[in-house]
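Here is a short briefing to keep beside the model while you look around. Take it topic by topic, with the structure open next to you.

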Amino acid sequence: MSTAANSKAIEAGQIWDFPGGIHPPQRKELSNQTPIAKLPLANTYVVPVKQHAGAPAELCVSVGEQVLRGQPLTRAGVSLGLPVHAPTSGTVTSIGPGRIAHPSGMTDVVVRIEADGNDTPAPPQPLPDYRQAARADVLERLRNAGIAGLGGAGFPTAQKLALQRPIDYLIINGIECEPYISADDRLMREHAATILDGAAILMHLADAKKALIAIEDNKPEAIAAMKAELTDYPNMSLRIVPTKYPSGGEKQLIQLLTGRQVPSKGLPIDIGLLMQNVGTAYAVSRAIRQGEPLIERVVTVTGEAVEKPGNYWVRLGTPVGEVLHYTGFQQSDPAQRIIMGGPMMGFTLPDTDVPVVKITNCLLLPSVQELAPAQHEMNCIRCGACADVCPAQLLPQQLQWLAKAKDYDGLEGQNLFDCIECGACAYVCPSEIPLVHYYRKAKAEIRTLAREKAKAEVARERFEARQVRLEREKEERLERHRKAAEARKKAQAEQVKAGGDNPQDAVQAAIARAKARKAAQQKAAAEQPSSHEDNNE
Amino acid sequence: MTFKLAASPHSHQRRTTQQVMRWVYVALIPGLLTLMYFFGWGVLWQLALAVSTAFVVEALSMRLRGRTIQSAWQDHTALVTAILLAISIPSLAPWWLIVIGTAFAIGVVKHVYGGVGQNIFNPAMAGYVVLLISFPVQMTSWPLPTQISQFELSFMDAASVIFTGFTPAGYDLEQLRMGADGLTMATPLDSLRTALNHQLTIGEALQQPIFGTLAGLGWQWVNLAFLLGGVVLIKQRIISWHIPTGMLLGLAVPAALAWLFAPDQSVSPLMHLLSGATMLGAFFIATDPVTAATSNRGRLYFGLLVGFLVFVIRTWGGYPDAVAFAVLLANMTVPIIDKYTQPVAYGHGGRS
Ligand code: SF4
Ligand code: SF4
C-alpha cells in the first residue's frame, strides 16, 4: 500500500489485523464494577529511587529529613534520570538497599519514609497555560514531575517527546488487553476529560497534528465516556479494536491502527508514530495543569483470593502488604502466587514488602483453582500451535529448540529479539513448555555474551595498543642509542682531525695506569703475611 | 510469609498434549471399526502386538538413555506410531512383521535420532517402508474383504493365522485370499495396476468383484471413515487444514488431469482419493507435526508434495500403495520447505 493510500485508510478509520493472538478468559468484571477507591494512608512508604527504564537519579534528601508530599527525593541528573517524590509528608528514616519490584527479586536503593499522617503537600506549581510556555520548559516540568510511561516499561515520557521527528499520529493506548486488569478502563470511565487534556498536551509537545484513541471493544462504558468528551477535540479520533490479546502491545496496536510495522530494532517514531498510555496522559495533565508530580496511580487489585477486588488509587511506595491488608487478602494456600501485572506478562513477588511503583498496574492474587500453576513440562510435539498465535510471526518451537541447545547464532537468525514476550505461545502450548522463560534466559545470555565480547574486545585493543607502544618505544630507544653512538664517533673523529689526543689513547693510558696500581698492591700483599692467618692459628 | 514464584504467563489454556492425543485416538475410531468390519479381527491382533512392542521398545530405549519410561510414554507419540503402523499392515500378516516394524520405528527411527521431536522421518512410515522392502510378499497380502471372502474367521481364527500361519482348520493365508474363482486376489489398487499392465481399460478392470460403487470394496468405506475422523480433528483444531488439504489436492488435481486426457488408462481421482491409505495418510500420517514442515504455508506445500508424490508413485512406481514412500520423500524436503517458507517476522519488511 502506498503512503498516500495508507494515510487515507487510516483517516477512514480502517482497522487492520495482526497475525496470531489469543482469547484468554477476560475476568475483568471481577474488578471493574466499582469506582476507583482511595487506599488509606500507610504508616511507612518504601520508595525505590529507580522506577523507570534508564539511569537512577541522584539522591537529594538525607536520613532524618522532614519531607512534604510531592517533594522530590532524587534530582534528575543525567539525561535518562527521572526523579521520584515523597508519597506523603513525614520523615526519611533510612536510605539503603531494599527489595524492589523486579522479576528477579533484586534489591536496589530505597528511601523509607515514616508518614506523619498530615499528608501536607509541597506547594504545587501549576502551568495552566502551557501553550504560552517554551516547549523545553514544559518538557522539563514533565521530567521533574517524574512522568514515565505507566503502561509498560516505564520509559521517561519527556525523553520520548524530546525526539524531534515528524509525527503523523499520537496514539493513546487504552486497550488494556491483559486479562483481569481494569485500571485504565476505570480511569477512562471516570476521568475521560483529564485524559484527553493530557493527550492534547502530548500532541502539542510532540507537534502531532492528529491523535488516535484506541480502546478494545470489551469496554463499552469507557468508550461511551471517552466519546462524550471527544466532541471537544476535533483532531482526535476514536478507534475501537476487537478484543484479542496482545492488541495493546505497542507494535501490535500500531499494526492494528495504521497497518504499519515498526522496523525491527527501530522505534515507532521511525514510522511517524508516538504512543502513550491513557494513565500517562492523565498524569501529564495533572502534572502540567495542577503541578502535581507523579506520586500515585490506579492499581487493579484482583483475583479470587482477595475479598475486596477493585481499583485503588495507591501512592507509589506503598508496600504491597499494605494494599493486600486493606483489600482483605489472607494467605491460605502455600501455592499462592502474588502476581504484579497481569496473568500473561506479570511477574510473581517473593514477599509483600515490595512496594508499588510507577509501572505497577495490577496486583493479581488468583486462587489455585482459578489459574492453575504450571504443570509438568513435556517434550515439544511440534504441533505448531505456538506459531499460529505468535503476533510477531516467529516460530516459537524453533526458538525453543535453539534456546535449549544454546545455539545463539541460530536464535538471532530466527529473530529472537523481535519476541515481545507476550506469552501467547506458552499459553497455548499443550506440552506446557515455559517458552517465554527460555527466551528470556537466552536473551539474557546473549546480552551477557555480547557485553563480555565487547569487554574482551576493549581488553584486546588495549593489549594490542600497549604492544604497539612498547614496540615503538623500543625502536625509539634503539634509534636514540644509535644516534648517540654515531654522534660520539663523529666527535672523536673530529677531535683527531683537529690534532688533539686520540681519546682512544687516553683510554689505553688509563688502563695501563690501573694495571700498574694493581700490580703494586699485589706485591705489597705478598711481602706482608696476612694478619688474618695469624689470628686463625 | 513467602509466596510461590513462577515464570509468566501464569495462565494456561487447558489443553494438554494428553488431551490432544486423546482426540487423535477418538478420531481414529471410525476408521478402525470400519477396517475391522471389512478385514476382520486380525486388525485388533495387529494393534495389540504393535502397542505391546512399542511399550517394550520404548522402555528399553529410555533405560538405555537413562530416563524413565513415563517421561517418554506420556507424550503418546510411541502409541500413535504403533497404532498407525498396525492399521497400515495387512490384517492377517504374521506376528513378527508388526513386531519388527514397530521395534524399528520406535527403537531406530525415533530414539536413535534423539527422541520425540528430533526425528526426521515419520516413524510409522519408515517402519512400514522397511517392512515393505524386506518382506514384500507379506506386506502386500491383504485378505479379502469379509463380504467376498469364502471364509469367516473368528477372533481366535485370526490369532491362529497371525501366530502360526494357519487357521485351526488348516487353511493358510494364500488359501484364505482366494476368491470364489479360485484365484488369489490383490488389493484394488494392485488389481488396477495389473489390469492396466495387461492392456485392459479401466472400465474392464473395474468389473472385478473387488471394486465397489466408489472405489475398492471395503476400502472406500475405510477411507470415508478416516475422512470423518480427520474432519473431527480439524474441527477440534487438533490439526490445521493445511496438510490434509494440500495432500488431497496434490493427489486429486494431477489425477483429474490424467483422467481427463486418458480416461481409459487412468485411475479416476475419486478412486485415488478413496483407495489405499489416502485418507489415513492425509489426516493422520502426513500431519505428524514432528516430521512435517513448520509454518502453515510450509505445511500446505508439504501436503501438496506428498499428494503429488502419491500420484506419481501409484501411476508409475513399482509398489502398490505410495503414501509411505511419498511421506518419507517429503520428510526429506522439510528443511528446504522450512527455509523458504519461514514467515516474515514483525518489523522485517512484511506487509500487514
Ligand atoms: S505449542 Fe508447544 S508443543 Fe506445540 S510446537 Fe509449540 S512448543 Fe512445541
Ligand atoms: S512470547 Fe514471543 S515467541 Fe511467544 S508468542 Fe509472544 S512474541 Fe511470539
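**Around ligand 2**

The shell around ligand 2 holds 13 residues, and those that come nearest are Cys390(A), Cys419(A), Cys422(A), Gly423(A) and Cys425(A). Please keep in mind that this is a predicted model. The points below start with this shell and then turn to chain B.

- Two helices of chain A, helix 13 (424–428) and helix 14 (435–497), each supply at least two residues of the shell around ligand 2.
- By class, the shell around ligand 2 has 11 nonpolar residues, 1 polar and 1 charged.

**Where chain B meets chain A**

- Chain A brings 68 residues to the contact, and chain B brings 41 residues.
- About 4500 Å² is buried between chain B and chain A, with 52% of that area coming from carbon and sulfur atoms.
- On the chain B side, Phe3(B), His10(B) and Tyr346(B) account for 20% of the area that chain B buries against chain A, more than any other three residues.
- How many salt bridges are there between chain B and chain A? The count is 0, while 16 residue pairs are in polar contact across this interface, both residues at pLDDT 80 or more.
- Helix 1 (17–39) and helix 16 (296–316) of chain B are the elements that give two or more residues to the side touching chain A.
- Of the elements in chain B, helix 1 gives the most to that side, with 3 residues.
- The side of chain B that touches chain A is made up of 15 nonpolar, 20 polar and 6 charged residues.

**Inside chain B: two domains**

- Chain B is divided into domain 1 (17–178) and domain 2 (223–342), and the C-alpha centres of these domains lie 22 Å apart.
- Domain 1 of chain B puts 26 residues into the contact, and domain 2 of chain B puts in 22 residues.
- The two domains of chain B bury about 2100 Å² between them, and 84% of this is on carbon and sulfur atoms.
- In domain 1, Trp23(B), Asn122(B) and Met125(B) lose the most area to domain 2, together 25% of what that side buries.
- Between the two domains of chain B there are 0 salt bridges and 2 residue pairs in polar contact, both residues at pLDDT 80 or more.
- Helix 1, helix 4 (77–88) and helix 6 (123–134) of chain B each supply at least two residues of the domain 1 side that touches domain 2.
- Helix 1 of chain B gives the most to this side of domain 1, with 9 residues.
- The domain 1 side has 18 nonpolar, 8 polar and no charged residues.

How values were computed:
Residues are numbered from 1 along each chain as its sequence is written. Chains are lettered from A and ligands numbered from 1 in the order in which they are written. This is a predicted model: local features need pLDDT of at least 70, side-chain atom pairs count only at pLDDT 80 or more; totals for chains, interfaces and linings use all residues. Side-chain values use heavy atoms; hydrogens and water are left out. A residue is near a molecule or strand if one of its heavy atoms lies within 4 Å of it. Helices (H or I, at least four residues) and strands (E, at least two) are DSSP runs, numbered from the N terminus. Ala, Val, Leu, Ile, Met, Phe, Trp, Tyr, Cys and Pro count as nonpolar, Asp, Glu, Lys and Arg as charged, and the others, Gly among them, as polar. Contact means heavy atoms within 4.5 Å. Buried area is the accessible area (1.4 Å probe) that two parts lose on being put together, summed over both. A salt bridge is a side-chain nitrogen of Lys or Arg within 4 Å of a carboxyl oxygen of Asp or Glu. A polar contact is a pair of N or O atoms within 3.5 Å; within protein, one must be able to donate a hydrogen and the other to accept it, and residues adjacent in sequence count only if both atoms are side-chain atoms. Domain bounds come from an automatic or database domain assignment.
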